[in-house]
Amino acid sequence: MEPNELKALIEKGITDAKVEVVDTTGTKDHFSAVVISKSFEKLSLVEQHQSVYKAVGAFMTKEVHALQLKTYTPKKWAEQNS
Amino acid sequence: MELSEQIKTDISQNPIILYMKGTKEMPMCGFSNQVVQILTHYGVDYKDVNILEDPEIRTKLSEESGWPTIPQLFVKGKLIGGADIAMELHQKGELLDILDIS
């Protein structure tokens, strides 16, 4: 899968998300993603990652072997980068 | 015992349990190894389950947990997360409180 396809999947599942995807191995099956969404505000860290996995759906563990995740609310993201 | 029952029992009866590729002595995947290293750092006792021994474990486990990838770390019956979350909680200094099962 191309990083852009994965990005599109996550953005489709989490509509307000800002998403960056990197192909970490150059083999189009190991990725790392940063996902920023307001919808994460009421979710625990586990639930935030689960909502990203849900967006990737059936591709997860098949076309996508590994997906390293960093999830942020817009507030946390601003703190991180201040 | 049926496999999914076995998984539920293992998760509820072991205060800390790590589903991983390989064993804690010999992790077979970088992400599994990462969690092993973190747990070793804290010196906590935990049960390891090698999902490579039976691919069915992974399927059933993910059905139970709603988490698609390996490793999966459970503490007191609750899914803490995979390698990224374990590392993030470790770096934030929050993991020891979670692992403090005494």
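Axes here are lines fitted to C-alpha atoms, for helices over the stretch in contact, and angles between N-to-C directions run from 0 to 180 degrees. Helices (H or I, at least four residues) and strands (E, at least two) are DSSP runs, numbered from the N terminus. This is a predicted model, in which local features need pLDDT of at least 70 and side-chain atom pairs count only at pLDDT 80 or more, while totals for chains, interfaces and linings use all residues. Residues are numbered from 1 along each chain as its sequence is written, and chains are lettered from A and ligands numbered from 1 in the order in which they are written.

**View 1. Helices α1(A) and α2(A) cross in chain A.** Helix α1 (residues 3-13) and helix α2 (residues 45-56) of chain A have axes that come within 8 Å and cross at roughly 115 degrees. That makes α1(A) roughly perpendicular to α2(A). L6(A), L9(A), I10(A), K12(A) and G13(A) of α1(A) meet V52(A), K54(A), A55(A) and V56(A) of α2(A). Contact means C-beta atoms, placed from the backbone, within 7 Å. By class, six residues of this contact are nonpolar, one is polar and two are charged. (Ala, Val, Leu, Ile, Met, Phe, Trp, Tyr, Cys and Pro count as nonpolar, Asp, Glu, Lys and Arg as charged, and the others, Gly among them, as polar.)

**View 2. The sheet of chain A is open and has three strands.** Strand order is β1-β2-β3 (chain A), with mixed pairing. Two strands pair if DSSP finds at least two bridges between them. β1 (18-23) and β3 of chain A are the edges, each with a single partner strand, so one side of each lacks a neighbour in the sheet. Twist averages 15 degrees from one strand to the next. Strand β2 (residues 30-36) of chain A pairs with β3(A) in the parallel sense over seven bridges. F31(A) has L67(A) in β3(A) as its bridge partner. Helix α2(A) packs on the sheet and touches β2 and β3 of chain A; its direction makes about 130 degrees with that of β3(A).

**View 3. Chain A meets chain B.** Eleven residues of chain A contact eleven residues of chain B. On the chain A side, α2 and β3 (66-72) of chain A are the elements that give two or more residues. The largest share, five residues, comes from α2(A). By class, this side has six nonpolar, four polar and one charged residues.

**View 4. The sheet of chain B is open and has four strands.** Their order is β2-β1-β3-β4 (chain B), and pairing is mixed. The edge strands, β2 (47-50) and β4 (78-81) of chain B, each pair on one side only. Twist averages 25 degrees from one strand to the next. Strand β1 (residues 16-20) of chain B runs parallel to β2(B), joined by four bridges. I17(B) stands opposite K47(B) in β2(B). Strand β3 (residues 72-75) of chain B pairs with β4(B) in the antiparallel sense over three bridges. F74(B) stands opposite L79(B) in β4(B).

**View 5. Helices α2(B) and α4(B) pack in chain B.** Helix α2 (residues 30-42) of chain B and helix α4 (residues 83-92) of chain B pack at about 30 degrees, with axes 9 Å apart. They are therefore roughly parallel. Their crossing is left-handed. F31(B), Q34(B), V35(B) and I38(B) of α2(B) meet A83(B), A86(B), M87(B) and H90(B) of α4(B). This contact has six nonpolar, two polar and no charged residues.

Technical notes. Parallel < 35°, antiparallel > 145°, perpendicular 65-115°, else oblique. Contact = placed C-beta atoms within 7 Å. Right-handed = clockwise from strand over helix to strand, strands pointing away. Left-handed = near helix turned anticlockwise from the far one by under 90°.
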